[in-house]
Protein chains: 2
Amino acid sequence: LNREPLSREAFVARLREEGAKRYHDHHEFHQRMHAGELSRRELQGWVLNRYYYQTRVPIKDAVILSKSDDPAFRRLWIHRIVDHDGARAGEGGLALWLRLAEGVGLDRAEVASCARVAPAVRFACDAYVTLVRERSLLEAVASSLTEFFAPDLMSRRIAAWERHYPWVDAGTLAYFESRVTRARADAHEAIDYVTAHAHAREAQEACVRALIAKTEILWAMLDGIAAAYPPGA
Amino acid sequence: LNREPLSREAFVARLREEGAKRYHDHHEFHQRMHAGELSRRELQGWVLNRYYYQTRVPIKDAVILSKSDDPAFRRLWIHRIVDHDGARAGEGGLALWLRLAEGVGLDRAEVASCARVAPAVRFACDAYVTLVRERSLLEAVASSLTEFFAPDLMSRRIAAWERHYPWVDAGTLAYFESRVTRARADAHEAIDYVTAHAHAREAQEACVRALIAKTEILWAMLDGIAAAYPPGA
């Protein structure tokens, strides 16, 4: 293996390539979702289980904050926690997700309790927090770079849901709409940090591995959801 | 030991008593500071070393955020990070402390580097982050209750510095002034949380132990500073 550091362009291209080919938009469950093939129960199961992932995001972002010695970095990153928790009760991504849960016909309190989350989904989401806690700040930030691919997925998801699942209250798709712009900005922040701090080839490779580990986490969540709601059950 | 839970009033009184008698205002170094007996070098040493403590505070608060599953708690707590880091560069407690460092004649960049922090001071401050990371959320919050006693100490410190150390740029005492009100509000937030969540006697005792551990950390910092700047050296 050539140990010369990659140029910024080559490093970004590598991250995009390794991430894109493993991103969970290729997972059968997402493909069935976008083709309109999910039952109401499967779609509800996805919303209910994915909420647990949403609850882990501000926690992993707080872990990331706690790993940085640099007030400037923390000032840059802290909005991610506010984006999910809201500045006030009823605001923010978690509240929007609970509205989405109501929009697909779920009980808000039951979703918020996370009591029915499939164990395999819980393990995958917890693995994300563990990854961020145990690896370096640089790798933790790199693991967030799946947001490169989120805006496209969100846009396709909104269109597919409006077309194929007309029984979903369209007003509750606001979460996905809010994430299109936000995820793009977040990915730019993170790629700027990663390219500025991964100088050595070994650090660049560690970033690629962290991003791959994150794609595995997202993939395993969908495996867990698919297994919990076998088609035709 | 009677294992009945203490009433809210008795629990708060116990926390105040155990904290007050061990608070670092009783430490000889602080007593000499307030009596005007510190040399310029000792006062500078205190400012330089204490800055490392300041840098750990937003980190331990981010760890506390990461330990909570409750968006409402995180919304309540997150301002502590912003209070120290500022909403913009040049704002917040860390920036005010660096201005104080200039006000006592230190080089701002040298203080910010933390390169001259005494090892014993570093160990004590790091022990605070470790305590918060390893104990429960409840105990981590309880460890912050030394802020009960901070407003009085800050007010006495401002008066003592203006009287005894006229060579300090008085405009740079703004950090202490900003903390008088803020610490009072923070202590109220924390005591409300602790009394609402420590139901069993064992949990109440764990809170008392966490607060005592925090007073030991603050005390050990002053031991370390005093040892690093022996009087007359």
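Analyst: T55(A) counts as buried, at 9% relative accessibility. Buried means under 20% relative accessible area, exposed over 50% and partly exposed in between, with a 1.4 Å probe and protein chains only. Please note that this is a predicted model, in which local features need pLDDT of at least 70 and side-chain atom pairs count only at pLDDT 80 or more, while totals for chains, interfaces and linings use all residues. Residues are numbered from 1 along each chain as its sequence is written, chains are lettered from A and ligands numbered from 1 in the order in which they are written, and side-chain values use heavy atoms, with hydrogens and water left out.

User: Where does T55(A) lie, and which residues does it touch?

Analyst: T55(A) belongs to helix α3 (residues 40-66) of chain A. Helices are DSSP runs of H or I with at least four residues, strands are runs of E with at least two, and both are numbered from the N terminus. Not counting residues up to four places away in sequence, T55(A) touches L94(A) and C114(A); contact means heavy atoms within 4.5 Å. A polar atom of the T55(A) side chain also lies 2.6 Å from the backbone oxygen of Y52(A). A polar contact is a pair of N or O atoms within 3.5 Å; within protein, one must be able to donate a hydrogen and the other to accept it, and residues adjacent in sequence count only if both atoms are side-chain atoms.

User: What does the side chain of S143(A) reach?

Analyst: It reaches the backbone oxygen of A140(A), at 2.6 Å. S143(A) is in helix α9 (residues 137-143) of chain A and is buried, with a relative accessible area of 0%. Beyond its neighbours within four places in sequence, S143(A) is in contact with residues including Y128(A), L131(A) and K214(A).

User: And L65(A): buried or exposed?

Analyst: L65(A) is buried, at a relative accessible area of 0%, and is found in helix α3 of chain A. Its contacts, apart from neighbours within four places in sequence, are R74(A), W77(A), I78(A), I81(A), A62(B) and I81(B). L65(A) and I78(A) are 13 residues apart in sequence and 7.2 Å apart in space, C-alpha to C-alpha.

User: Changing topic, how many salt bridges are there over all chains?

Analyst: There are 46. A salt bridge is a side-chain nitrogen of Lys or Arg within 4 Å of a carboxyl oxygen of Asp or Glu. Side chains of opposite charge can pair when their charged atoms come close.

User: Which residue does R14(A) pair with?

Analyst: R14(A) forms a salt bridge with E205(A), and their closest N and O atoms are 3.0 Å apart. R14(A) lies in helix α1 (residues 8-22) of chain A and E205(A) in helix α12 (residues 201-228) of chain A, so the pair ties together parts that are 191 residues apart in sequence. R14(A) is partly exposed at 22% relative accessibility, whereas E205(A) is buried at 11%.

User: Which residues are linked in a network of salt bridges?

Analyst: R80(A), D83(A), E147(A), R179(A), R182(A), D186(A) and E189(A) are. Among its pairs, E189(A) and R182(A) have their closest N and O atoms 3.8 Å apart. E189(A) is buried at 16% relative accessibility, and R182(A) is partly exposed at 27%.

User: What about E18(B) and R22(B)?

Analyst: Their side chains meet in a salt bridge at 2.6 Å, N to O. Both residues lie in helix α1 (residues 8-22) of chain B, four residues apart, about one turn of the helix. E18(B) is buried at 10% relative accessibility, while R22(B) is partly exposed at 30%.

User: At what angle do the axes of α1(B) and α12(B) cross?

Analyst: The axes of α1(B) and helix α12 (residues 201-228) of chain B come within 9 Å and cross at roughly 20°. Axes are lines fitted to C-alpha atoms, for helices over the stretch in contact, and angles run from 0 to 180 degrees between N-to-C directions. The two helices are therefore roughly parallel: angles under 35 degrees count as roughly parallel, over 145 as roughly antiparallel, 65 to 115 as roughly perpendicular and the rest as oblique. The residues that meet include F11(B) and L15(B) in α1(B), and V208(B) and L211(B) in α12(B).

User: How do α8(B) and α12(B) run, parallel or antiparallel?

Analyst: The axes of helix α8 (residues 119-134) of chain B and α12(B) come within 7 Å and cross at roughly 165°, and the helices are therefore roughly antiparallel. The contact involves, among others, A124(B) and Y128(B) of α8(B) and A213(B) and I217(B) of α12(B).
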